[in-house]
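Visitor: I would like to learn how to read some features of a model. Please take them one at a time.

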Amino acid sequence: EWAKDWTQEIRYLKKMEQYRREFIDNVSHELKTPIFNMQGYLYTLADGGLEDEMIRDKYLQRAIDNVERIAEIVQELNQISKFESSAVELEMQPFDIQELAQEVVESMEISAEKKQIDLRFKDTAKKPYIVQADREMIRQVLVNLVSNSIKYGRPKGHTLIGFYDLDQNVLIEISDTGKGIAQEHLPRLFERFYRVDKGRSRHEGGTGLGLSIVKHIVEAHQQTINVRSRLGVGSTFGFTLAKYKG
Ligand code: ADP
């Protein structure tokens with residue numbers, strides 16, 4: 001009996017060790033490119049590049065862009081690590097989820113317009129939904145999901161946000177008319193650094209950490225997040241929140 005337990009235990013530890021190794025691999029890989037880029041720009045500046053005003057401004061800006069990317073990756077990793085060690089305290093409060101979604105949509109209208117993507121609300125809800133949750137964290141969830149719907153959306157398409165009454169909970173769905181995600185990717189989509197199209201995601205400034213943070217936030221609220229998608233048609237991300245009970 002105990003021999004069987006040990007075999008299981010060893011298998012589990014090996015798996016964890018493999019995850020740990022993959023994680024370090026991913027982190028160093030993600031940081032390598034912006035660090036090398038930044039080095040290149042700074043060396044060129046130090047090596048006489050400062051004398052030419054055009055080169056100076058351009059290279060300084062590129063160095064800044066790359067250091068900002070590094071800062072973003074480190075900040076997101078830090079947030080994930082806090083969630084994984086359960087060191088995150090939620091500031092639960094009642095608020096109107098549709099009002100928050102409206103705020104988020106307004107803040108993203110400029111990037112949506114650039115791709116001529118229409119951000120709209122589905123008329124699923126005429127009544128207000130007051131939820132009990134951490135407002136700032138739920139804002140982050142909405143920002144991530146709506147910005148993905150723009151990033152991976154088809155130009156001239158639209159993003160629909162809907163709210164559905166589930167008795168104790170509210171379901172919030174964000175649907176896009178993007179390129180969709182093949183079924184085989186769906187089970188791994190919420191993993192750290194997982195990307196369907198690496199080149200495209202990096203090009204669009206993605207870190208591959210956004211959905212992992214989104215899932216952590218929703219699960220810290222004891223709620224669930226799901227995705228369904230059809231290639232060439234679009235994707236729908238849905239998560240639940242608890243209604244505020246007076
Ligand atoms: P990223 O920073 O790369 O956007 P995310 O964690 O937010 O990272 O998303 C992980 C991957 O899931 C993305 O790289 C992309 O391939 C895919 N993805 C996320 N949202 C969508 C969407 N709405 N439509 C199509 N693909 C998506």
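**Reading the features**

Guide: Begin with Asn-66, which touches Pro-34, Asn-37, Met-38 and Tyr-41, leaving aside residues up to four places away in sequence. Contact means heavy atoms within 4.5 Å. This is a predicted model, in which local features need pLDDT of at least 70, side-chain atom pairs count only at pLDDT 80 or more, and totals for chains, interfaces and linings use all residues. Residues are numbered from 1 along each chain as its sequence is written, and side-chain values use heavy atoms, with hydrogens and water left out.

Visitor: Where is the place of Asn-66, and is Asn-66 buried or exposed?

Guide: Buried means under 20% relative accessible area, exposed over 50%, and partly exposed in between (1.4 Å probe, protein chains only). Asn-66 has a relative accessible area of 11%, so it is buried. Its place is in helix H2 (residues 53–84); helices (H or I, at least four residues) and strands (E, at least two) are DSSP runs, numbered from the N terminus.

Visitor: Which backbone oxygen does the side chain of Asn-66 reach?

Guide: That of Arg-62, at 2.9 Å.

Visitor: How is a nonpolar core read, and which residues have the most contacts inside the largest one?

Guide: A nonpolar core is a set of buried Ala, Val, Leu, Ile, Met, Phe, Trp, Tyr and Cys residues joined through side-chain atoms within 4.5 Å. The largest here has 52 residues, and those with the most contacts inside it are Ile-97, Ile-138, Leu-142, Leu-145, Ile-172, Leu-189 and Phe-239. Leu-145 touches Ile-174, Leu-211, Val-214, Ile-225, Phe-237 and Phe-239, again not counting residues up to four places away in sequence.

Visitor: Which residues other than glycine have a positive phi?

Guide: Lys-156 is one of them, with phi near 70°. Lys-156 lies in the loop between helix H4 (135–151) and strand E4 (158–166). Asp-167 also has a positive phi, of about 70°, and is found in the loop between E4 and strand E5 (169–176).

Visitor: Why does Asp-167 count as exposed, and what is the relative accessible area of Lys-156?

Guide: Asp-167 counts as exposed because its relative accessibility is 59%. For Lys-156 the relative accessible area is 62%, so Lys-156 is exposed.

Notes:
Polar contact = N/O pair within 3.5 Å; in protein donor to acceptor, adjacent residues only side chain to side chain.
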